[in-house]
Amino acid sequence: MSALKPFEAVFYNQEKIDNLSNVFCPPYDVISKEQQENYYKQEPYNFIRLELTKETAKDDAKDNKYTRARKTYEEWFKKGILKQDKTPCLYFYKQDYKYQGQKYTRSGFLGLLKLGDDSGVKILPHERTHDAAKTDRLALWSTLKANLSPIFVGYADKAGKIDRVFFKELASQKPYLEAVDHDKVKHTIWRLDNQEKIQEIVNVIDGQNLFICDGHHRFEVANQIRREAIKKSKKTTGDESYNYVMTYFTNMDSKDLQIFPIHRIVKKFPISVNLLEQYFRIDKVKTKVDWLVLLQRAGQNEHAFGFYNKQGMFLLRLKNKTLIDKMVKEGSKEYHSLDAAILKAFILDQVGVTSEEIIYTKDPDELINAVNEGNAEAGFVLNPVQVGQLRAIALNDERMPPKTTYFYPKVLSGLTIYKMD
């Protein structure tokens, strides 16, 4: 049985929506309380009402955010706000965006990924998960009997065979859907229903190592739903809806695959920067632009961090690489090369910083503001993980420290829904 399968997606009915850009939202796990409120106000049919429904003080077993999400989902179907495709498709998905002044285009597609040992592929995670997030998604998906937002996997295709299929078949056609998000990323979707061309794509995916880039919690929830359904079933064919998870596939060999670093805001950091000189060369930097540029340059050849506290901006460069294997207690050689692991072993653990005292952000400005406003005592800016490091860690069956990678741009929630009836 093939690892990849087209599906009849549920999506917004464009005849009912004036502006599609107003109805989509990011994945649940990157939405703050303030952003949740803003998406609620933005549009009555914004997907936030399904993806991350508001809680109330009166929530109970019969009336809670999951039951309200189900009620909304069913109402939107009745009103024709949502509708289901009539033909199994793969949905080609192009994202156009700018980063540091340069234009990029990331291409991929949405389809179903087979779960279980008979899928013909090896699915490789790279991050640890947390029970609370899994419990939340399990309750939501089970209540709605729907997979609301995809996991994100990378495949290998140096020859670009899959992109060629899509561009040859669809580039001249009018897109099915276009939207622009708050970060000014343009999202464009085309439907591919040509079964012969779909099979060409299936043939590229079959037998591969597929790397989970984002959506580790969603992947584990999909597997849990499958396990529970198999227990209840007297007989299975392997093709039931619970045997698949909605997935965004993209080419790991593409230069447009961007991994952003995730920085550490530290609430309590009771030592002076000078006390870090035991392990690091320390240089004070005057401007934020210089700070970030110097960090990027240093990271090409050595392990370096940006450090910020009330005394200013500093560049920290590890003095002695031979100490890494002694200080980083867990993992392989590849794991030891991760800046997040080195930061933890050489600084955070030494100072006694616990995970509860760390706030994660992809934005250096948020880190600087947190310190300036007295909400944190220090912050560490990191360089991004490289694709090669991610592959090596996953192939070793290891997990990176929490919040190590941030793939950009995010795949929007609400573009497609997978019904699991």
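These legends accompany several close-up views of a predicted model.

This is a predicted model, in which local features need pLDDT of at least 70 and side-chain atom pairs count only at pLDDT 80 or more, while totals for chains, interfaces and linings use all residues. Residues are numbered from 1 along each chain as its sequence is written, and side-chain values use heavy atoms, with hydrogens and water left out.

**View 1. The buried side of helix α1.** Welcome to α1, which spans residues 33-42; helices (H or I, at least four residues) and strands (E, at least two) are DSSP runs, numbered from the N terminus. Gln-36, Tyr-39 and Tyr-40 of this helix are buried, where buried means under 20% relative accessible area, exposed over 50%, and partly exposed in between (1.4 Å probe, protein chains only). These three residues sit on the same side of α1, because they cover an arc of only 105° around the axis; the arc is that of the directions from the helix axis to the C-beta atoms. Part of the cover over the buried residues of α1 comes from α2 (48-51). On the face turned away from the buried side, look for the exposed residues Glu-34 and Lys-41.

**View 2. Helix α4 against helix α7.** Two packed helices are described by the angle between their axes and the distance between the axes. Here α4 (residues 131-144) packs on α7 at an angle of about 55°, with the axes 9 Å apart. Axes are lines fitted to C-alpha atoms, for helices over the stretch in contact, and angles run from 0 to 180 degrees between N-to-C directions. The angle makes α4 oblique to α7; angles under 35 degrees count as roughly parallel, over 145 as roughly antiparallel, 65 to 115 as roughly perpendicular and the rest as oblique. The crossing of α4 and α7 is right-handed; a crossing is right-handed if the near helix is turned clockwise from the far one by less than a right angle, and left-handed if anticlockwise. From α4, Ala-133, Lys-134, Arg-137, Leu-138, Trp-141 and Ser-142 meet a set of α7 residues that includes His-217, Glu-220, Val-221 and Ile-225; contact means heavy atoms within 4.5 Å. By class, the residues of this contact divide into six nonpolar, three polar and four charged. Ala, Val, Leu, Ile, Met, Phe, Trp, Tyr, Cys and Pro count as nonpolar, Asp, Glu, Lys and Arg as charged, and the others, Gly among them, as polar.

**View 3. Helices α5 and α6 side by side.** The axes of α5 and α6 (residues 195-205) come within 9 Å and cross at roughly 165°. The two helices are therefore roughly antiparallel to each other, and their crossing is left-handed. On the α5 side the contact is made by Lys-161, Ile-162, Val-165, Phe-166 and Glu-169, and on the α6 side by Lys-197, Glu-200, Ile-201, Val-204 and Ile-205. This contact has six nonpolar, no polar and four charged residues.

**View 4. Val-153 in strand β8.** Val-153 has its place in β8 (residues 151-155). With 0% relative accessibility, Val-153 counts as buried. Beyond residues up to four places away in sequence, the partners that Val-153 touches include Leu-113, Phe-211, Cys-213, Tyr-248 and Phe-249. Met-252 is 99 residues from Val-153 in sequence, yet their C-alpha atoms are 8.6 Å apart in space.

View 5. Pro-175 lies in the loop between α5 (161-170) and β9 (177-180) and, at 22% relative accessibility, counts as partly exposed. Not counting residues up to four places away in sequence, Pro-175 touches Thr-188, Ile-189 and Trp-190. Ser-241, in the loop between α7 (216-232) and β12 (244-251), is buried, with a relative accessible area of 18%. Leaving aside neighbours within four places in sequence, Ser-241 is in contact with Tyr-418, Lys-419, Met-420 and Asp-421.

**View 6. Backbone details worth a second look.** Most residues other than glycine have a negative phi, and most peptide bonds are trans. Lys-145 is not a glycine but has a positive phi of about 50°; this lysine is in the loop between α4 and β7 (146-147) and is partly exposed, at 48% relative accessible area. Asp-397, also not a glycine, has a positive phi of about 60°; this aspartate lies in the loop between α13 (387-395) and β20 and is exposed, with a relative accessible area of 59%. Finally, the peptide bond from Tyr-408 to Pro-409 is cis, with omega near -5°, and Pro-409 lies in the loop between β20 (406-408) and β21 (418-419).
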